[in-house]
Amino acid sequence: MAKTVTLPPIVHPTPDEITVEGVLRALADPVRLAIVRQLAAVDHEIACGGLTVPVTKSTLTHHLSILRQAGVVAGRQEGTTRFNSLRRNDLDALFPGLLNGVLAAQR
């Protein structure tokens, strides 16, 4: 009999829990900034495996967790695949112009 694997639920902060300090801290890392730039460049979710970053799978998971905890990205589980999207609407409402400024900065 096949064993069913139950993944832990994905927890996201509410908009009231998102702070500018947490967002800036999360975006300060070049790998996380690269992830956010990739998510901002498309109008759909990207699976973890579809993100192009020079780190191992476990390190990518760590970076995505930090971005999720800061309220920068949202994750959704579908089977064994986790899809990620940018929480642009929440971030733009909370901190107008911040995300656009960060994304426009020189690489």
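1. The axes of helix 2 (residues 30–40) and helix 3 (residues 57–70) come within 10 Å and cross at roughly 75°. Helix 2 is therefore roughly perpendicular to helix 3 (65 to 115 degrees; under 35 counts as roughly parallel, over 145 as roughly antiparallel, and the rest as oblique). Axes are lines fitted to C-alpha atoms, for helices over the stretch in contact, and angles run from 0 to 180 degrees between N-to-C directions. Helices (H or I, at least four residues) and strands (E, at least two) are DSSP runs, numbered from the N terminus. Helix 2 makes the contact (heavy atoms within 4.5 Å) through Val31, Arg32, Ile35 and Val36, and helix 3 through Leu60, His63, Leu64, Ile66 and Leu67.

2. On the source: this is a predicted model, in which local features need pLDDT of at least 70 and side-chain atom pairs count only at pLDDT 80 or more, while totals for chains, interfaces and linings use all residues. Residues are numbered from 1 along each chain as its sequence is written, and side-chain values use heavy atoms, with hydrogens and water left out.

3. An open sheet is formed by 3 strands in the order 1-3-2, with antiparallel pairing (two strands pair if DSSP finds at least two bridges between them). Strand 1 (46–47) and strand 2 (73–78) each have a single partner strand and stand at the edges, so one side of each has no neighbour in the sheet. Strand 1 is joined to strand 3 (residues 81–86) by 2 bridges. Ala47 has Phe83 in strand 3 as its bridge partner.

4. Both helices of point 1 also pack on this sheet. Helix 2 touches strand 1, strand 2 and strand 3, and its direction makes about 80° with that of strand 3. Helix 3 touches strand 2 and strand 3, and its direction makes about 120° with that of strand 2.

5. Which residues touch the most other members of the largest nonpolar core? They are Ile35, Leu67 and Val72, out of 23 residues in that core. A nonpolar core is a set of buried Ala, Val, Leu, Ile, Met, Phe, Trp, Tyr and Cys residues joined through side-chain atoms within 4.5 Å. Buried means under 20% relative accessible area, exposed over 50%, and partly exposed in between (1.4 Å probe, protein chains only). Two or more residues each come from helix 1 (20–27), helix 2, helix 3 and helix 5 (98–104). Helix 2 gives the most, with 5 residues. In soluble globular proteins, nonpolar side chains tend to be buried together.

6. Val72 deserves a separate look. Leaving aside neighbours within four places in sequence, its contacts are Val23, Ala26, Leu27, Val36, Leu67, Ser85, Leu86, Arg87 and Leu91.

7. How many salt bridges are there? The count is 3, where a salt bridge is a side-chain nitrogen of Lys or Arg within 4 Å of a carboxyl oxygen of Asp or Glu. Arg76 pairs with Glu45, the closest N and O atoms being 2.6 Å apart. This pair links distant parts of the chain, 31 residues apart: Arg76 lies in strand 2, and Glu45 in the loop between helix 2 and strand 1. Arg76 also pairs with Glu78, at 2.7 Å between the closest N and O atoms.

8. The remaining salt bridge joins the side chains of Arg87 and Asp90 (2.8 Å, N to O). Arg87 is buried, with a relative accessible area of 10%, whereas Asp90 is partly exposed at 26%.
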